[in-house]
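Here is a short note on aromatic rings, for reading beside the model. Please keep the 3D view open as you go through the points.

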Amino acid sequence: MQPITISWCALALALTPFTASAQTLAAADMRPGRSLDGAWHWSVDPYRDGVAGFHGGPPGESTARFQDRIQADEAEKRPNALFEFDMQRSPVTHLPGSWIGHAPEMRYYQGLVWYQRTFDWQPAGPGKRVYLRFGSADHAASVFLNGKPVGKHVGAFTPFAFDVTALLRPGSNQITLGVDSARTDRDVPPPVTDWETYGGITRSIRLVTVPETFVDDAFVRLGRDGRIAVSARLLGPQAAGMPIRLAIPALGAALEGRTDGEGNWTASLAAPRALRRWSPDNPTLYDVEIAAGADRFTDRIGFRTIAVQGDRILLNGKPIFLRGISMHEEELGKDPVRAMSPAATRALFAEIKQGLHGNFVRLAHYPHDEGTTRLADEMGLLVWSEVPVYWRVAWDDADTLATARRMIAENIRRDRNRAAIMLWSVANETPVSDARNAFLRTLIGDVRALDDSRLVTAALLSTRQGKVMRIDDPLVADLDVMAINTYNGWYSDDPLAALPSFEWRSPVDKPLIFSEFGADALHGYHDAAAAPHKFSEEYQAEYYRRTLEMAARVPFLQGLSPWILKDFRSPRRQHPVYQQGWNRKGLISETGQRKLAFAVLAEDYAKREKAERRCPSPNATRPLPPRDPRPCP
Ligand code: GCU
């Protein structure tokens with residue numbers, strides 16, 4: 001076969017390293033734009049013939065999926081030409097949504113899939129630029145527009161965008177994506193996780209139009225000094241020395257200034273007395289606008305402070321107990337495709353907020369969709385946000401560290417205006433070693449540099465001596481809040497009755513969150529025996545009762561995010577009777593049916609909520625009362 005070498009092809013598809021998105025496009029979902037969600041052609045490419053020829057060179061004309069043409073027309077013009085693909089006559093699916101849902105045979109497919117669609121476009125006019133923005137792509141995406149390479153992104157859970165102003169044309173445009181879900185031990189996360197890989201495009205695709213000089217990044221927050229601070233960055237030819245103005249109309253607050261030589265502006269003002277601080281009970285959001293030249297950056301932002309004081313977590317200066325649960329990004333239903341529409345997220349958040357009387361959610365184990373963190377702002381759920389530095393990461397690999405650092409920055413820059421987010425977590429259940437400690441300390445340093453208004457944590461493991469549980473991970477010294485995943489009674493043969501007698505010891509005076517505990521239960525499997533079988537609803541319920549008894553005896557425990565709200569897909573869970581490819585630790589089944597344990601946790605949280613309301617936590621400026629679990633006087 002004589003591949004026809006297309007000069008830019010080697011550039012585009014030689015799996016070039018990550019093409020950094022130079023911009024942030026903060027609050028891009030609030031900007032005017034054009035959705036490219038909807039009908040796309042799709043075609044599998046298991047041996048990646050669209051990426052490389054049979055001897056490894058560039059793909060030939062017969063297999064390069066991104067060529068700017070109507071395949072059938074070309075074949076008509078050149079009957080002797082050989083084409084072994086035709087994107088325009090390939091099947092059609094709806095994006096966003098993982099390819100798992102495209103067809104039954106895609107259930108366990110992991111590899112490369114091509115997508116293509118056309119769209120009509122009218123020029124945005126002078127002084128404008130257009131970005132092609134993806135909410136995310138799992139795991140590596142190569143993007144082409146009208147047959148030209150646009151760029152590539154690696155990492156399944158953060159947004160990325162490319163300036164396509166010069167590539168768009170009036171009339172019909174053709175966009176082609178190559179999405180590859182395969183991961184290696186050097187990736188973040190590595191190949192082995194306890195959740196499904198939802199390969200493909202699982203979040204929205206949009207064309208976002210901005211003025212050629214625009215507010216690319218803006219971080220607006222209430223500082224612990226009682227001042228509202230703004231850090232903004234302009235991008236474009238007039239970014240330097242540009243007059244700029246921040247306004248919060250509902251507060252009658254405004255700040256004016258001028259960007260510096262690099263297009264940056266920082267300023268602050270005393271928080272107006274009328275400011276209503278954001279909290280789970282009062283999730284007040286304000287319209288915030290930043291005007292700079294022709295650009296109007298807008299966002300809806302809540303103002304609150306988060307801090308630690310001794311072994312307490314303070315929200316707006318008052319101690320708070322986090323009544324939470326963990327959650328994967330997976331919608332209700334028997335065949336989820338990780339298409340988390342606002343309605344899908346709201347259905348799950350309602351179970352936390354109203355069903356469980358919760359005020360907190362751990363969005364595990366990776367950054368969730370931006371619509372999810374916005375909804376947490378609106379509904380009043382505090383959020384633990386994390387990057388998928390999970391289990392066995394290649395701690396010694398410089399590229400792996402660079403990938404993790406980029407993910408941290410992409411996640412924080414996307415979401416640091418979300419009042420609901422209170423914790424940035426840098427890792428989950430990672431084995432202790434010098435290389436791992438150095439790797440995670442680098443990430444912690446990045447978090448603190450990007451956002452000094454929130455707390456840093458990581459889900460750690462404890463050690464055990466008999467019934468004494470020790471928190472002795474060296475990383476504790478670097479965290480604001482300790483978090484432990486603990487499963488005594490599930491991943492151990494301890495009798496459930498023994499759980500409340502476990503004693504927890506901490507080497508430091510810091511708050512602790514039980515970031516995970518849980519037990520599997522198949523909804524509808526009941527075992528009335530005095531000692532019910534694991535996987536029965538009765539076992540899970542008793543496990544929760546006993547673990548909550550243990551939790552109530554830990555004086556420095558300030559939050560719970562049990563594992564997990566909903567049963568979720570995991571290829572690691574293949575018991576033919578109880579699991580069938582699902583991790584069954586949910587308090588609700590995959591179709592939303594509540595298990596017995598749901599009521600156990602809900603009752604505990606309702607009592608805590610009632611006690612909180614009857615005895616509002618004292619203002620932290622006064623000495624805290626002794627820890628007294630009995631009803632307040
Ligand atoms: C671990 C891990 C989770 C996993 C859970 C389980 O703690 O963090 O991702 O699903 O245990 O075993 O169910």
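**Rings and charges**

1. Start with a charge. The charged end of Arg608 lies over the ring of Phe321, 3.9 Å from the ring's centre. Arg221 does likewise with Phe219, its charged end 4.1 Å from the centre of that ring. "Over a ring" means that NZ of Lys or CZ of Arg is within 6 Å of the ring centre and within 35 degrees of the ring normal.

2. A word on the source. This is a predicted model, where local features need pLDDT of at least 70, side-chain atom pairs count only at pLDDT 80 or more, and totals for chains, interfaces and linings use all residues. Residues are numbered from 1 along each chain as its sequence is written, and side-chain values use heavy atoms, with hydrogens and water left out.

3. Now ring pairs. Rings of Phe, Tyr and Trp (its six-membered ring) pair if their centres lie within 6.5 Å; planes under 30 degrees apart are stacked, over 60 edge-to-face, the rest tilted. The count is 24 aromatic pairs. One of them, Trp504 with Phe514, is tilted, at 4.9 Å between centres and 55° between planes. Trp504 is in strand S29 (residues 503–505) and Phe514 in strand S30 (residues 512–516), so the pair ties together parts ten residues apart in sequence. Strands (E, at least two residues) and helices (H or I, at least four) are DSSP runs, numbered from the N terminus.

4. Lastly, a cluster. Ring pairs link Tyr487, Trp490, Tyr491, Tyr525, Phe535, Tyr539 and Tyr578.
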